[in-house]
Amino acid sequence: VPGNLAVTGTTSTSISLSWSGSSDTGGSGLAGYRIYRDGSGTPLTSTTSTSFTDSGLASDAIHTYRVSAYDVAGNESALTGPVTGTTQPPPDTAAPSVPGILVVSGTTSTSISLSWSSSSDTGGSGLAGYRIYRDGSGTPLTSTTSTSFTDSGLAASTIHTYRVSAYDVAGNESAQAGPVTGTTQA
């Protein structure tokens, strides 16, 4: 019987298996291995290798596998297993929602404070944080996991404009909220 059957990896469309080799003492010689999926009595496939990748699967799906060895004469071992693998969720390509209610919440002679309402992420990877853009720049001034930010070290009596976007763990970024404009005090 093949030994040490294990799931060695998964993607959103595949499950990989490996096992240790069998020996054949009957004289005809080991021919290969048969892979059975989800309790079927008919082999999914056969291979001469001690590993197999079941591909073309649906994402976020559970499958159970057993493996047998067979020889040239057609004798088949008992099944090893079962082992169970789950394909990964589909890749997250959905951006979080746009941050809401962006406002200037306070000013001093050297700072402008902002606040906004939180975003949600439905793509599956989870909300990572927010990026703050100042004065129309395409490069973020900074990022934060908070729903507020204070831009400090500014000159007195200066005007600055801000936008805020949300981004998720997969790197998807929402459209920008804003702009809002704040003026540091004299």
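The charged end of Arg-34 sits over the ring of Tyr-70, 3.9 Å from its centre; a charge counts as over a ring if NZ of Lys or CZ of Arg is within 6 Å of the ring centre and within 35 degrees of the ring normal. Arg-131 has its charged end over the ring of Tyr-167, 3.9 Å from the centre. This is a predicted model, in which local features need pLDDT of at least 70 and side-chain atom pairs count only at pLDDT 80 or more, while totals for chains, interfaces and linings use all residues. Residues are numbered from 1 along each chain as its sequence is written, and side-chain values use heavy atoms, with hydrogens and water left out.

**Aromatic pairs**

- There are two aromatic pairs, counted when ring centres of Phe, Tyr and Trp (its six-membered ring) lie within 6.5 Å; planes under 30 degrees apart are stacked, over 60 edge-to-face and the rest tilted.
- Trp-19 and Tyr-33 pair edge-to-face, 5.6 Å centre to centre with 65° between the planes.
- Trp-19 lies in strand β2 (residues 15-20) and Tyr-33 in strand β3 (residues 30-37), so the pair ties together parts 14 residues apart in sequence; strands (E, at least two residues) and helices (H or I, at least four) are DSSP runs numbered from the N terminus.
- Tyr-33 is buried at 3% relative accessible area, where buried means under 20%, exposed over 50% and partly exposed in between (1.4 Å probe, protein chains only).
- Trp-116 and Tyr-130 also form an edge-to-face pair, with 5.6 Å between centres and 65° between planes.
- This pair links Trp-116 in strand β9 (residues 112-117) to Tyr-130 in strand β10 (residues 127-134), 14 residues apart.

**Salt bridges**

- The whole structure holds five salt bridges, each a side-chain nitrogen of Lys or Arg within 4 Å of a carboxyl oxygen of Asp or Glu.
- One of them joins Arg-37 and Asp-54, with the closest N and O atoms 2.8 Å apart.
- Arg-37 is in strand β3 and Asp-54 in strand β5 (residues 51-54), so the bridge ties together parts 17 residues apart in sequence.
- Glu-173 and Arg-131 meet in another salt bridge (3.0 Å, N to O).
- Glu-173 is in the loop between β13 (159-168) and β14 (177-183), and Arg-131 is in strand β10, 42 residues apart.

**Ala-95**

- Ala-95 is in the loop between β7 (80-86) and β8 (100-107), and is partly exposed at 35% relative accessibility.
- Apart from neighbours within four places in sequence, Ala-95 contacts Asp-121, Asn-172, Glu-173 and Ser-174 (heavy atoms within 4.5 Å).
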